[in-house]
Amino acid sequence: MSKTKTKNDNKTEKALAAEKEQFGKQQLQSISKIATSAEVPPKEKYVRNIILGSHKEGGATTFWSYILNLPLSSNSMVSWKVCYLLHKMLREGHRNVVTDSHRHSRSIRDMGALWGNLHDRYGHIVALSAKYLHLKMEFHAKHKVIPGNLEATDETLEREAGTDMTKVLDMTQELLEYLDAGLKMAETVLRQMDANGAKSTTPAGQCRLTPLIPLILDCSFLYHFSVRLLFKLHSRISPDVLLGHRERFRDLFMSLTQFYNRAREIEFFKSIIQIPDLPDAPPNFLRAAALAEYKKPVVLMPGEDRPEEDEVDVQPEFREATQMPQYYLLSQMGGPEASLDHRETESDGYKSELEAVKPEIELIKSEAQKCMIELKAQVNRLEAEVEEQRTHKQVALVENEHLRMEVEALRTTNVANVGAQIGYKEADTRAQAAQVRFTQLKERHAELVTSHADLMKKNAETVKMLSSTKQVQDDLLRAKQQLESEVENLQHEKRTAMSQQQEVERLNKELLEQSAEMALLRSILENKEKEGTQVSSSLAALQAERDTLLRSTMEKDAELSSLRQQAQQQQSSVDLEKDRLKRELEALRAQLQQQLAINAEQKLEMDRLKRELDSTRAELTRVNTLLQSRELSGTQLNSTLAGLQAEKEMLLKSVRDQEAELKSLRQQAHLHQRTLEQERQRSSMELGSLHAQLQHQALREGELTQKLQDEQFCLLQCAVVEAEGIILDAVAKVDDPIHVRCISSP
């Protein structure tokens, strides 16, 4: 019984091993059919086999074991098709495909960086596709409840975002980056199609357009998720803080609209996918009722029915904007004007910095153009020299061929003539001279090739420098536009300040009238004059302390604005240096926006304090008009003094909190700068290792060429020795008396 059981176990193990081997062969065959270097679109049946294999296996381990052995760093066409296949696997494969693929996210990102630095037909779009897939894997690995095809309900999205506004801000930023990467990839593919004149009906055009089908599906969900989270943010955070998010979403909305309109016109997509129409303008996030008017865009594939539209819940945590009256104190009449002057000086400083940087940019551009012209001239000259050396090389090869033919003719002829030896020696000397000349030309050609490669590297570096200067110029133009908008806002605020000043003058007149009434009251209440003077002195002292605290808070606000400007400068420098540090800078920007939100809350708190002080002043006026008994007046004055003391303690507490926040921001900036230095050192070490590898490869190529030349020379020497032996044999036969006797006999 035990023997039969072991036999059955062995059979099942063999069957499982055979089935596993057959499965691996099928997967390898499908991947090899897709990842070809031909410019044709992948066949859907092989893609479907790989996706079904992931469901059968329960992951993507076999898929990645074969993908990593493909020539991804040497063939851009294979890389482009592998990116499309990975996108389909993340969307339609088993749920464990995201986890298994996230382990190889760094290799996909490195592959994209490599192709981004090379000038290839598919290199640029491969780099953008790799960046998009890297962001996709990072997002779904972080938010595991959202599947790879992004088909999640609104309740799932709300539950994943949570109620913490910091987490919602981070998730919104990730979604906007996710959508931005996909739209840049689509825009580049369509632009290359227009530049190359490719048509969607040809295999080459379909090879470029096929990866855009899953991208269209992703973009509709990313747009919907971004709209939901932005409405949620505007229900909890001040709209001024989210101005940057609204502007970025508006730019992405315009890009998505252009992409969908262009894809709708292409013949290739008409029979494959149904693209929805987007509204003419993005949703108005400043109006909570706009969420009820919003409709989710739905992309349909063949054989799919339009899903029923869910009723949108229009009651999720949206607050109504209540209009609050504005009160102004006499001691703060110069506050709005001072803030306006400060902003105007800041805008003037920005303009002067912009004007100072413009000539430097023009100088850099002129120098880069000069370098480009010089390098192009050197490249043309070297190419001419290479062509000339190539012609000389061809001539030398022809001469060698002629000499070889002469040696073969001497070998076939058996003419006993002394002149044949002389001709052979001349041919030998000519062959040696030609060989020497050929080796010299070969060395000269190798030198020209190396110099040409160096010049091409310099040309690539100058192109990179030009692109960086162009990006700096674009940033400066955007900064100029932003400054112009700020100047317009300042003018509008100045006009509002003038109207507020008129309101203050009216209040002064009312206060003068009230002071006259107070004089009458003082004449009636002479016995309470001393107590009133004491109260006014204490109030003046408290008001002076409050003014000092307000000035300190304004100084802290100025320090916060300076720190914000420093963080923005660091962010711009990091964007110009490396694109992969973008996520860290966006995180720093989110922290700054949180700080802005905190400052906005502090401003609201200050307004509340102003209203409380105005209420206390109204109570004092009522006390002066209704002072009929000493007991009531004393209790009311004591209550007002206690309230002012509490306000003083609250202001001191807010100042201490701001100091602690400033300290934490300085520490974060220092840590961020240290990480940037470490990243720069690591990149320099990687560049050094790459240069060493290139030098080793060049040395190996030189050794191989030298070995080839030595073998050719040895072959030529063997042929000469053989020809010399044949000629010597012929001469010996001619000199042989037996041979002479045979020839001369009748």
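This is a predicted model: local features need pLDDT of at least 70, side-chain atom pairs count only at pLDDT 80 or more; totals for chains, interfaces and linings use all residues.

User: Which residues make the contact between α2 and α4?

Analyst: From α2 come Glu 44, Val 47, Ile 50, Ile 51, Ser 54 and His 55, and from α4 come Tyr 84, Leu 85, Lys 88, Met 89 and Glu 92. By class, the residues of this contact are six nonpolar, two polar and three charged.

User: What makes α6 and α7 roughly antiparallel?

Analyst: Helix α6 (residues 105–116) packs against helix α7 (residues 123–142) at about 155°, and their axes are 8 Å apart. Roughly antiparallel requires an angle over 145 degrees. The value passes that cut-off, so α6 and α7 are roughly antiparallel to each other. Their crossing is left-handed.

User: Which residues of α6 and α7 meet?

Analyst: On the α6 side they are Ser 105, Ile 108, Arg 109, Met 111, Gly 112, Trp 115 and Gly 116. On the α7 side they are Gly 123, His 124, Val 126, Ala 127, Ala 130, His 134, Met 137 and Glu 138. Seven nonpolar, six polar and two charged residues make up the contact of α6 with α7.

User: How do you know whether α4 and α7 are parallel or antiparallel?

Analyst: The axes of α4 and α7 cross at roughly 25° and come within 9 Å. Since the angle is under 35 degrees, α4 and α7 are roughly parallel to each other. The crossing of α4 and α7 is left-handed. Their contact includes Ser 76, Trp 80 and Leu 86 of α4, and Gly 123, Val 126 and Lys 136 of α7. The residues of the contact divide into ten nonpolar, five polar and two charged.

User: What about Lys 136: buried or exposed?

Analyst: Lys 136 lies in α7. Its relative accessibility is 0%, so Lys 136 counts as buried. Leaving out residues up to four places away in sequence, Lys 136 touches His 87, Leu 90, Arg 91, Gly 148, Tyr 178 and Asp 218.

User: How do you know which class Leu 256 belongs to, buried or exposed?

Analyst: The same cut-off of under 20% applies. Leu 256 has 1% relative accessibility and therefore counts as buried. It lies in helix α12 (residues 243–265). Beyond its neighbours within four places in sequence, Leu 256 is in contact with Leu 183, Cys 219, Tyr 223 and Leu 278. Leu 256 and Leu 278 are 22 residues apart in sequence and 8.8 Å apart in space, C-alpha to C-alpha.

User: What makes Ala 453 partly exposed?

Analyst: Exposed means over 50% relative accessible area, buried means under 20%, and partly exposed is in between. Ala 453 has 34% relative accessibility, so it counts as partly exposed. Ala 453 lies in helix α16 (residues 418–524). Between Ala 453 and Val 379 there are 9.5 Å in space, C-alpha to C-alpha, while the two are 74 residues apart in sequence.

User: How many helices and strands does the protein chain have?

Analyst: The protein chain has 20 helices and zero strands.

User: What percentage of the residues in the protein chain is buried?

Analyst: Of the 746 residues in the protein chain, 33% are buried. The accessible surface of the chain comes to about 45,800 Å², and 55% of that belongs to carbon and sulfur atoms.

Key:
Residues are numbered from 1 along each chain as its sequence is written. Side-chain values use heavy atoms; hydrogens and water are left out. Helices (H or I, at least four residues) and strands (E, at least two) are DSSP runs, numbered from the N terminus. Buried means under 20% relative accessible area, exposed over 50%, partly exposed in between (1.4 Å probe, protein chains only). Accessible areas come from the Shrake-Rupley method with a 1.4 Å probe; for residues, only the protein chains shown count as cover. Axes are lines fitted to C-alpha atoms, for helices over the stretch in contact, and angles run from 0 to 180 degrees between N-to-C directions. Angles under 35 degrees count as roughly parallel, over 145 as roughly antiparallel, 65 to 115 as roughly perpendicular and the rest as oblique. A crossing is left-handed if the near helix is turned anticlockwise from the far one by less than a right angle, and right-handed if clockwise. Contact means heavy atoms within 4.5 Å. Ala, Val, Leu, Ile, Met, Phe, Trp, Tyr, Cys and Pro count as nonpolar, Asp, Glu, Lys and Arg as charged, and the others, Gly among them, as polar.
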